[in-house]
Amino acid sequence: MAERIEDIALAMVAKGKGILAADESSGTIAKRFDALRIKSTEEARRDYREMLFRSEAMKTAVSGVILYDETIRQKAKDGTPLVDLIKAAGAVPGIKVDTGAKDLALSPGEKITEGLDGLRERLKDYYALGARFAKWRAVIDIGPAMPTWNCIHANAQALARYAALCQEAGIVPIVEPEVLMDGPVAAHDIDVCYGTTEWVLKTVFQELFVAHVVLEGMVLKPNMVVPGKKSAKQASPAEVAEKTARVLRECVPAAVAGIAFLSGGQGNEAATEHLSLINQIAGLPWPVTFSYGRALQAAAIETWAGKAENVAAAQRAFNHRAQMNSLASIGEWKPDLEKEAA
Ligand code: 5MM
């Protein structure tokens with residue numbers, strides 16, 4: 001496995017591969033399990049993740065996996081550390097290091113992501129456990145009079161302090177400033193998302209510069225430019241791709257090692273189609289791929305439903321989604337491929 005942060009970052013965005021975001025905290029995975037009436041025990045969480053990490057797609061379509069603190073310490077049923085399963089598949093193990101988004105004081109409705117206290121020491125532990133990249137997610141909500149400069153600036157500064165600490169520890173930071181698509185405002189159309197994303201990304205890169213973060217040793221995990229779920233004005237896939245590529249070109253220095261999108265609540269196929277269309281736009285200066293959680297796992301978790309007898313079918317569902325996104329990461333996904341597989 002590569003050791004220089006610049007080489008690790010390039011491995012994370014290797015051609016035809018993307019990142020599996022399997023870093024749901026215990027609360028979030030419990031919500032996913034509850035919806036399918038699966039009891040969220042430590043063993044069930046381990047079995048689910050082990051099933052994903054032993055799938056074929058890990059070798060062909062997955063460059064790295066973001067883990068949660070519990071998972072990075074877990075062993076498979078046969079005693080093999082889960083981290084070793086990931087490495088054996090040729091993927092890089094990573095770790096979520098933020099401790100969640102908390103209410104931002106005196107800024108009603110807005111959040112600040114926490115986790116900087118003790119981070120230098122935690123990063124040393126995670127490095128020893130095998131993590132070579134980390135993830136920190138800031139959330140920016142669009143609402144009446146939101147976001148505020150206070151929220152954007154506080155989150156951008158925290159992202160930059162986190163990224164600098166990671167690089168000091170030999171760990172590649174995934175910098176994830178997520179402009180949410182599920183705010184309450186009907187006026188939140190694609191252009192509002194564009195303007196907010198532009199403001200957020202420009203602020204984040206300014207703070208990364210101030211903090212001396214090496215752009216070649218980081219990966220950006222942004223939202224795509226999409227209308228809010230409650231917007232009366234929806235957008236075509238071509239418009240999403242064009243506006244997403246445009247805002248990234250406007251805001252993201254070419255030196256950044258790569259871009260790996262979050263799915264953010266888009267439908268599985270929509271997330272794949274948008275990624276493929278973005279990759280058909282000529283002249284983007286960085287590799288552009290996926291770092292999906294829900295959009296990669298939804299079919300697999302439903303098929304598995306907590307039952308050992310469903311493991312093979314769930315792995316097939318995961319392989320399919322990962323393969324579709326692998327094609328999208330080189331601009332070669334087509335709707336017919338979904339039908340053929342079905
Ligand atoms: C996998 O989900 C992560 C969130 O976990 P917590 O809410 O429990 O902290 C999340 O950060 C994820 O990595 C990204 O948002 C991308 O996931 P989606 O589902 O948006 O593709």
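A cavity is a set of points, on a 1 Å grid over the protein atoms alone, where a 1.4 Å probe fits but cannot get out. The structure holds 1 cavity of 30 Å³ or more, a volume being the space filled by probe spheres set on the points. The model is predicted: local features need pLDDT of at least 70, side-chain atom pairs count only at pLDDT 80 or more, and totals for linings use all residues. Side-chain values use heavy atoms, without hydrogens and water, and residues are numbered from 1 along each chain.

**Ligand site**
- The ligand takes up the space of the largest pocket (an open set of grid points with protein on both sides within 12 Å along at least five of seven lines).
- Around the ligand are 18 residues, the closest being Ser-25, Thr-28, Lys-135, Ser-263 and Arg-294 (a heavy atom within 4 Å).
- By class, this shell has 9 charged, 6 polar and 3 nonpolar residues.
- Strands β6 (133-140), β7 (172-179) and β10 (288-292) each supply at least two shell residues (DSSP runs of E, at least two residues).

- A polar side-chain atom of Ser-263 lies 2.4 Å from a ligand oxygen.
- For Lys-96 the corresponding distance is 2.7 Å, and for Lys-221 it is 3.3 Å.
- The protein covers 89% of the 500 Å² of accessible area that the ligand has on its own (Shrake-Rupley method, 1.4 Å probe).

**Largest cavity**
- About 60 Å³ of space lies in the largest cavity.
- Its lining (an atom within 4 Å of a point) includes Val-179, Met-181, Cys-193, Asn-223 and Ser-263.
- That lining has 6 nonpolar, 4 polar and no charged residues.

Technical notes. A polar contact is a pair of N or O atoms within 3.5 Å; within protein, one must be able to donate a hydrogen and the other to accept it, and residues adjacent in sequence count only if both atoms are side-chain atoms. A molecule sits in a cavity or pocket if more than half of its atoms lie within 2 Å of its grid points. Helices (H or I, at least four residues) and strands (E, at least two) are DSSP runs, numbered from the N terminus. Ala, Val, Leu, Ile, Met, Phe, Trp, Tyr, Cys and Pro count as nonpolar, Asp, Glu, Lys and Arg as charged, and the others, Gly among them, as polar.
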